[in-house]
Structures are given as structure tokens and as C-alpha cells.
Amino acid sequence: LEIGLKRFADQRARSRAAGEAEDAAFKEEFMKNARKVFMLMDIDGSGSLTEEEIIRSLRYEDEVKDFLSTCGSPLLVMLLDPKEIKKAMVDIDKNSDGEISLEEWELIVSVALEEKLTKLREERAKREARERAEEEELTQKFLAMARKIFEMIDKDFS
């Protein structure tokens, strides 16, 4: 029993470490893509995005459209709609200079990232719960079979 408990604890620790590594890799890739998209939109290289740069990049850069539509930020999704760009920019532009700086961009992207990480963790927890339930079911079946075998062998019922 002690060995089984130790194995179970080791497996949970490995699973937790794997989950943390998965989260870290996802976060790194997501932020790398977010910065790349920012740079694609920052046509003049000023370090901030104007409404015109956003509109132009949406016209010519599929990668920008793909990121904005899948990043998970309702505000960034609004940038895809020409009628909503001004409103989205006002909401994202914290210092009210009429442009979205890299810092403001990363702030809004990090909120979307946390929401995506939360969903990933929830999905992972559900998957792990299903796996534990399957393992428990198999364990119970094994124990039931072991009892039957024991009863078949135990001729004197001792």
C-alpha cells in the first residue's frame, strides 16, 4: 500500500510539473506571437500603433487578422471591425495619446493570455479527473477479479 501511495504521489508531481511546463511553453509562444503581430502592425517602427497602421495591417497581413480573431481578447477582436476600431483603441489606450504602445498592447494581451491559461488548466483538470476515474474503475475491476480468484483457490474458506 505504501509503495502504491508513493507511486501515486510521484505521478501527481510529474503531472503537475508537466502541466506547469505546458503552461510556460504556451505562454512563451503566445507572447512571442503577440509581439510579432505588434511589430507587423507597427509599420513605421515607432513602437506604437495608430488607427491607420491597424487598418492597413488588417488589409495586408493575414497573420494579424488570425491573431486578433483567436487571441481571446474581446477588445482586440473589436479591432477587426472598422466600425469598432476607435472604441477599442480608446479602451486599450490607457494614456490617451491616441496610439497603442507596446506596453498597452502587452497589458491587454496578458489578460487574454491568463484567460486562455485558465481554460487550458480547466481542460487539463477535467482530463486528469477522467483519467483518475478510469484508473479507479480498473482498480476496482482488478480487485473484484482478484477476490474471485482468491475465492476459487481458497478451498477451506479460511
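This is a predicted model: local features need pLDDT of at least 70, side-chain atom pairs count only at pLDDT 80 or more; totals for chains, interfaces and linings use all residues.

Student: How are α2 and α3 oriented to each other?
Tutor: Start with the geometry: helix α2 covers residues 51-60 and helix α3 covers residues 62-70, and their axes sit 6 Å apart. The angle between them is about 105 degrees. Angles of 65 to 115 degrees count as roughly perpendicular, so α2 and α3 are roughly perpendicular to each other.

Student: Which residues in α3 do S57, L58 and Y60 in α2 meet?
Tutor: By class, the contact of α2 with α3 has 4 nonpolar, 1 polar and 2 charged residues. On the α2 side you've got S57, L58 and Y60, and their partners in α3 are D62, V64, K65 and L68.

Student: Within what arc do the buried residues of α2 fall, seen down its axis?
Tutor: The buried ones in α2 are E51, E53, I54, S57 and L58. The buried residues line one face of the helix, because seen down the axis of α2 they fall within an arc of 165 degrees.

Student: Moving on to R124, is it buried or exposed?
Tutor: R124 is found in helix α6, residues 102-153. Its relative accessible area is 9%. Buried means under 20%, so R124 is buried.

Student: And which residues does R124 touch, not counting those up to four places away in sequence?
Tutor: Remember that R124 sits in α6. Leaving out residues up to four places away in sequence, R124 touches G19, E22 and D23.

How values were computed
Residues are numbered from 1 along each chain as its sequence is written. Side-chain values use heavy atoms; hydrogens and water are left out. Helices (H or I, at least four residues) and strands (E, at least two) are DSSP runs, numbered from the N terminus. Buried means under 20% relative accessible area, exposed over 50%, partly exposed in between (1.4 Å probe, protein chains only). Contact means heavy atoms within 4.5 Å. Axes are lines fitted to C-alpha atoms, for helices over the stretch in contact, and angles run from 0 to 180 degrees between N-to-C directions. Angles under 35 degrees count as roughly parallel, over 145 as roughly antiparallel, 65 to 115 as roughly perpendicular and the rest as oblique. Ala, Val, Leu, Ile, Met, Phe, Trp, Tyr, Cys and Pro count as nonpolar, Asp, Glu, Lys and Arg as charged, and the others, Gly among them, as polar. The arc is that of the directions from the helix axis to the C-beta atoms.
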